[in-house]
Amino acid sequence: MLGCSSSSSSTTAPGTPNNPPGMSPVRVLMLTATAGFRHDSISTARQVMTTMGATTGEFTVVASDDVSAVDAASLANQDVLFFAMTSGELPLTPDQRAAILAFVSRGGGFVGTHSATDTSYDWAEYGALIGARFRDHPWTRQANVIVEDQAHPSTSLLGSQFSIEEEFYAFRDNPRPRVHVLLRLDASSVGAAGDYPLAWTLTYGGGRVYYNALGHFSSTWNDRRYQQQIAAAIRWAAGR
C-alpha cells in the first residue's frame, strides 16, 4: 500500500469532478490485452478506472482485452489510448500500428502503466512512443519513491517522496535523456545504487505520452494516491 507524508491513505476514488462547466469527459480506450505475462491486478485496474471515471465525471472508459478494439475508426472517437499492463508481442496489424502512431502524432494522448513497457518488442516505433523497454524487476518489496517533479498534475499531491510495496522495474537503457522524469526509485531503499526512473512524460509529434511503472499489485490500483496519479495523467494527456 502506498505511503506518503502529505496525506493519509485511502482506497476511495477521488470524488470531485474537475471538468470545467460545459467540457465533456475525456474519452479513454483502455487496452488490457496480453500476449505474455498477465497480471492479476488487471481486473482491479479495469474496475477502478471505470468506477473512478463514472464517479468523478472526468472521463469515460471503454476497456477491452481484444486488440481488434484499437483501430483508426475507434481512435477517432477517443481522446486517450491507455495501454494498461499490456504485455508480449500483441497481434497488432500494420494498419493498427500506423493508426496508433497517427492518433498520438496528431494530438491524441497515450498513457501506459507497468508492463506497457514489456509490450511489442518487435515494433520499434512503439519503443520510441513509450520511452523505454523493460529489462527486469530486481526488487519486489516496500521501497521509497522520490518525486522529482512535484509541480506536474500527476504528482502534485504526493509530496517529495512516498513508500510503496511494488515490483520495481529496471529498463534496458535509462530513458532519462529522452523523457521528462516525474518519479524515480530511491535506490538506497533497496540496497542498490543508480538511477531508476519510474514515471515520466514525453511528447510524440503533437501528442502527450505518460508512463508509470507502478501497478503490479491490486493494492496499488486501490490506493487513492495512485488513482490520483493516473486520473491526472489522463487529463494531462488529453490536454485538459
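I started with E148, which is partly exposed at a relative accessible area of 29% (buried means under 20% relative accessible area, exposed over 50%, partly exposed in between, with a 1.4 Å probe and protein chains only). This is a predicted model, in which local features need pLDDT of at least 70 and side-chain atom pairs count only at pLDDT 80 or more, while totals for chains, interfaces and linings use all residues. I also noted that residues are numbered from 1 along each chain as its sequence is written, and that side-chain values use heavy atoms, with hydrogens and water left out.

**Entry: E148 and R176**

I looked up the partner of E148 and found R176, in a salt bridge of 2.7 Å from N to O (a side-chain nitrogen of Lys or Arg within 4 Å of a carboxyl oxygen of Asp or Glu). The two sit 28 residues apart, with E148 in the loop between β6 and β7 and R176 in the loop between β7 and β8 (180–185). For the element names, helices (H or I, at least four residues) and strands (E, at least two) are DSSP runs, numbered from the N terminus. R176 has a relative accessibility of 30%, so I filed R176 as partly exposed.

**Entry: R176 and D195**

D195 counts as partly exposed because its relative accessibility is 29%. I then followed the shared partners, and the salt bridges join E148, R176, R184 and D195 into one network.

**Entry: D65 and R38**

Next I checked D65, which forms a salt bridge with R38, their closest N and O atoms being 2.9 Å apart. D65 is in the loop between β3 (59–64) and α2 (72–75), and R38 is in the loop between β2 (26–31) and α1 (42–56), 27 residues apart. I have D65 down as partly exposed, with a relative accessible area of 40%. R38 is partly exposed too, at 35% relative accessibility. For the tally, I noted 11 salt bridges in the structure.

**Entry: H152**

Is H152 buried or exposed? Its relative accessibility is 8%, so H152 counts as buried. I placed H152 in the loop between β6 (134–147) and β7 (161–171). Leaving aside residues up to four places away in sequence, I found H152 touching L182, T201 and W236 (contact means heavy atoms within 4.5 Å).
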